[in-house]
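Please look over the sequence and the fold shown here before reading the report that follows.

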Amino acid sequence: MKFFDADVIVVGAGPTGLMLAGELRLNGVSVVVLDKLSEPIRESRALGFSARTIEEFAQRGLIARFGEVGTIPVGHFGGVPLDYQVLEGGSYGARGIPQARTEGVLGGWAKELGVDVRRGFDVTGLDADDDGVTVEAQGPDGPLRLRARYVVGCDGSRSVVRTLTGIDFPGSAATVELRFADITGVQLRPRFSGEAVPDGMIMVMPLGPDRCRVIYFDRNEPLRTSSEPITFEEVAEGFKRLSGEDISGATPLWVSTSTDVSRQAAEYRRGRVFLAGDAAHIHLPIGAQGMSAGVQDAVNLGWKLALALKGQAPENLLDTYHSERHPVGARILINTLAQRSLYLGGGDMAPMREVFAELVEGHESVRRHLVGMVTGLDIRHDVGGDDHPLLGRRLPERELVVGGEKTSSVSLLHAGRAVLLELGGDHGLREAAAGWTDRVDVVAAEFDCDVPVDGILVRPDGYVAWVGAVGTGAGGLAPALTRWFGSAA
């Protein structure tokens, strides 16, 4: 019998890696997280997360750990103003929450659950076979060799895991570059959605009482070719050139650049190796979609890996990670490239912007489509069954009454397990699900559903896998349980 140091090795302790590690530990899976940084990041980096990610943090009881989370009801698509409340639960997302804080919340949760996080380790080798994966790394005290059943690369756009596994990363090269700095000590007028100027775009995002992020795009400035990091002096000069405002006297907290390079891994899974987050998809950062997509990757993959490790996964369950998340990543690349053209294009894009603005203003269906695309609120997985409006979508947050006590649909998912809601009395659901109660919680509840039903099967990631229409009892429930949670015990 071969020895394993952990069930899963996660490479990368960013938001994606930490979220995945927590998801796995909720299901009793042992996890080692390796990260090349010697300590957690201190920079703000990503500044918030999407409406769908707010939901996913809430379903694990994590959103409260951020304190008061303010959401922005309105935003834009490629610079065209857009009211995100056109969808239920819609918002431009939680803003002003630096990535360092998000990682702190997720890291604290992972620690409470017993995740083994090891810092200062550079992965140098990876060898996968039929039984597991061996990972070699160089750490503070020398080389390290670990073996696990599965490995997940959450190690960013330059993923070592992806490279060592030989997974292609096709896409388009950079054509534009955004330059930015988080600063303190100056007061600037906010420009949340960006402001067009003759030679490009400027944006100012408040981060607190005395700090903000300035971003600019200069259409006449070529892409940087130097490997040297950009300086604050360069950013201050460029920002003044475009805006006329002098920020040279500010104190810089973080200075960086980003481009519209857009790439997506050809495979999210190859055997016992998986990719998630920026290791699987990168794009121009617009609308807090990058980090949010990584967290959603983790929530989709975690419970599936746990079932596989417990011997309860049906055949091909792990393949659904790619089939469900790859189209989502591809759609993000498409919408960020479209937004780039609208947002940063020159005078030749003016007619397109005008027509696009007319469509947004005049058609609610267009607004709903765009908001659903950017927030992830319109994601619908193929879970089989009929065309019930709930199937394949996330269960909307609703107040429930369970055992005479008020609770919510979100609270029932805190444990990271599947839930079968038995609604409006005994319809034979509990008896039909008796063979799966080791992995599915059966809950009798009163639920004000928009479309009356007798029962709802919710996967651990919050997506609906089966709906029992009124009067149909447990018809189709057993096949749905088998499809997602394996054979009955």
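Among the contacts in this predicted model between residues at least 6 apart in sequence, 68% join residues that are at least 24 apart. The protein holds 11 helices and 26 strands. Its radius of gyration is 23 Å, close to the 23 Å that the globule rule gives for 489 residues, so the protein is as compact as a globular protein of that length. Taken along the principal axes, the C-alpha atoms fill a box of roughly 70 × 60 × 40 Å.

Part of the strand pairing can be followed through strand 13 (residues 191-197), strand 14 (residues 200-208) and strand 15 (residues 211-218), as the table sets out.

| Strand pair | Direction | Bridges |
|---|---|---|
| Strand 13 and strand 14 | antiparallel | 4 bridges |
| Strand 14 and strand 15 | antiparallel | 8 bridges |

Strand 13 and strand 14 form a hairpin with 2 residues between them, and within this pair Glu195 stands opposite Ile202 of strand 14. Strand 14 is in turn joined to strand 15 by a hairpin through 2 residues, and here Val204 stands opposite Val214, which belongs to strand 15.

Note on methods: Residues numbered from 1 in each chain as written. Predicted model: local features only at pLDDT ≥ 70, side-chain atom pairs only at ≥ 80, totals over all residues. Heavy atoms only, no water. Rg over C-alpha atoms; globule rule 2.2 N^0.38 Å. Contact = heavy atoms within 4.5 Å. Pairing = 2+ DSSP bridges.
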